[in-house]
Amino acid sequence: MKYQRSKSTLFLMELIIAICFFAITSAVCVQVFVRAHLISSQTTDLNHAIAQAQSMAEAFDACGGLPDAIGKLYPEGCYDGQTLTVAFDDQWQLLSGRDSAAYILVLAWDQAAETIPEGGLISADITIKKAADGAQIYSLTVKKFAEGA
């Protein structure tokens, strides 16, 4: 008697190979979508950070780089003599405290307010970072010539 192979074994092997192919393809697609979402959120954060840094740089320029004048423009910020810290929520709205902050903007002068010379150059760094892990999103250096009295 002749042994006849069942065709169901071959069909089962083809089915397993097709399922493996689709599983691998779907895993790659999910990774692509996750990566695209991550890049999109990083780009959104960067765009907002640039806008806030530019706004602070314009305030720095308009106030002549003087810390007290800039502090009056940002009353919800915290000024400690050499740095002004401003907190934002996850929608980039200003916060009065740092408790629920998602992002932190720090304007740090190179010298204390009392030592800024008349007719000298005032320099500061604007840094925006995430509050959760402290990862820097954007940084900008600003300079202003302080006019004499």
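Rings of Phe, Tyr and Trp (its six-membered ring) are taken as a pair if their centres lie within 6.5 Å, with planes under 30 degrees apart called stacked, those over 60 edge-to-face and the rest tilted. By this criterion, Phe88, Trp92 and Tyr103 form one aromatic cluster. The model examined here is predicted, so local features need pLDDT of at least 70 and side-chain atom pairs count only at pLDDT 80 or more, while totals for chains, interfaces and linings use all residues. Residues are numbered from 1 along each chain as its sequence is written, and side-chain values use heavy atoms, with hydrogens and water left out.

Aromatic pairs number 4 in the structure. One of them joins Phe21 and Phe22, whose ring centres are 5.5 Å apart and whose planes meet at 70°, so this pair is edge-to-face. Phe21 and Phe22 are both exposed, where exposed means over 50% relative accessible area, buried under 20% and partly exposed in between (1.4 Å probe, protein chains only). Tyr79 and Trp109 also make an edge-to-face pair, because their centres lie 5.8 Å apart with planes at 85°. This pair links distant parts of the chain, 30 residues apart: Tyr79 belongs to strand β1 (residues 78–79) and Trp109 to strand β4. Helices (H or I, at least four residues) and strands (E, at least two) are DSSP runs, numbered from the N terminus. Trp109 is buried at 3% relative accessible area, whereas Tyr79, at 29%, counts as partly exposed.

Ala108 illustrates both pairings: Thr83 stands opposite Ala108, and in β5 the bridge partner of Ala108 is Asp125.

Turning to the interior, a nonpolar core is a set of buried Ala, Val, Leu, Ile, Met, Phe, Trp, Tyr and Cys residues joined through side-chain atoms within 4.5 Å. The largest such core has 24 residues, and those touching the most other members are Met56, Phe60, Ile70, Leu84, Leu107, Trp109 and Ile126. Elements giving two or more residues to this core are α1 (7–62), β2, β4, β5 and β6 (136–145), and α1 supplies the largest share, 6 residues. Beyond residues up to four places away in sequence, Met56 touches Ile70, Tyr74, Leu84, Val86, Leu105, Leu107 and Ile126, contact being heavy atoms within 4.5 Å.

A second, separate core of 5 residues includes Ala87, Leu95, Ile104 and Val106. Ala87 lies in strand β2 and is buried, with a relative accessible area of 4%. Leaving aside neighbours within four places in sequence, the contacts of Ala87 are Gln93, Leu94, Leu95, Gly97, Arg98, Ala101, Tyr103 and Ile104.

Finally, the cysteines. The structure holds 0 disulfides, a disulfide being a pair of cysteine sulfur atoms within 2.5 Å. For Cys29, the closest cysteine sulfur is that of Cys20, 16 Å away and therefore too far for a bond. Cys78 is likewise in no disulfide, with the nearest cysteine sulfur, in Cys63, 18 Å away. Cys29 is partly exposed at 38% relative accessibility, and Cys78 is partly exposed at 48% relative accessible area.

Methods:
Pairing = 2+ DSSP bridges.
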